[in-house]
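Subject: Structure handover

Hi there,

Here is the structure I promised to pass on. Please have a look at it first, and my notes follow below.

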Amino acid sequence: RFSDPRRASRFATDVGDDRETRDYNGATLRVSHDLGWAELQSTTAYRAFDSRNRQDNDGTAHPGLYLSTTNAEHNRSWQQEFRLAGKTGIVDWLGGLSLYREDARQSAYVDSTTTALDLMSANLAGLPLFSTVNALTEGAGVPGISLLGKPWSEVMHNRGRFEAAAVYGDLIWQLTPATRLTTGLRITRDRKRFSWEQPLRSAASLDQDLAVLDA
């Protein structure tokens, strides 16, 4: 029996470990040294974050509607910058080198069951796939086989690797006591790689029964 979720008195969940977690960490180290003719500054930064969000997507405890999703992310980044600044007469100057690297990973999981997929195939194609196979198996006299109630999982893995290096310089000219002119140049080289992988569905218990039927 189905109920309209908009009129339901309360929602239910049948997903274990449905929770959201976030873990952020970071550290920054700055070191300055006066060289007399200029000031040298080094900045080192590290950032890390991990998150996981698993939720029930059907809002019921009905076995024929079971659907859950999980989003898991893992990110690490590192940045290093060296900067040299000084003054000579009417010119303030600044030069530096910047390096950056990031490794980002994300996995999106979709979990269901053969019972829910059986109902979906009945609604979409007019044929309950796994129930039909069960009926044929029973009619053929093969005991102990039921393809319903088996876990079914799919996942998409994404990964991004990003690197950047830059050199830059600025010249600030004092044209008059109230006027400044800034000129500068920055050269940056970026390298960005992104990949994704979608393995075949995972359903070990179902595959075991299918192997018995195949034999």
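I call it a salt bridge when a side-chain nitrogen of Lys or Arg is within 4 Å of a carboxyl oxygen of Asp or Glu. Please note that this is a predicted model, where local features need pLDDT of at least 70 and side-chain atom pairs count only at pLDDT 80 or more, while totals for chains, interfaces and linings use all residues. Residues are numbered from 1 along each chain as its sequence is written, and side-chain values use heavy atoms, with hydrogens and water left out.

Now the sheet. It is open and has 6 strands in the order β1-β2-β3-β4-β5-β6, with antiparallel pairing (strands are DSSP runs of E, at least two residues; helices are H or I runs of at least four; both are numbered from the N terminus; two strands pair if DSSP finds at least two bridges between them). β1 (20-34) and β6 are at the edges with a single partner strand each, so one side of each has no neighbour in the sheet. Strands β3 (residues 68-88) and β4 (residues 91-113) are joined by 21 bridges, and Thr88 has Val91 of β4 as its bridge partner.

Helix α1 (residues 114-125) packs on this sheet and touches β4 and β5 (151-176), its direction making about 80 degrees with that of β4 (contact means heavy atoms within 4.5 Å; axes are lines fitted to C-alpha atoms, for helices over the stretch in contact, with angles from 0 to 180 degrees between N-to-C directions).

Next, the charges. The whole structure holds 11 salt bridges. One of them joins Arg193 and Glu163, with the closest N and O atoms 3.8 Å apart; this pair links strand β6 to strand β5, 30 residues apart. Arg193 is partly exposed at 30% relative accessible area, and Glu163 is partly exposed at 27% (buried is under 20%, exposed over 50%, partly exposed in between, with a 1.4 Å probe and protein chains only).

Asp103 and Arg159 also form a salt bridge, at 3.0 Å between the closest N and O atoms. Asp103 is in β4 and Arg159 in β5, so this pair ties together parts 56 residues apart in sequence.

What about Asp209 and Lys150, whose side chains meet in a salt bridge: buried or exposed? Asp209 is buried at 13%, and Lys150 is buried at 15%.

Finally, Asp17, Arg19 and Arg52 are linked in a network of salt bridges.

Best wishes
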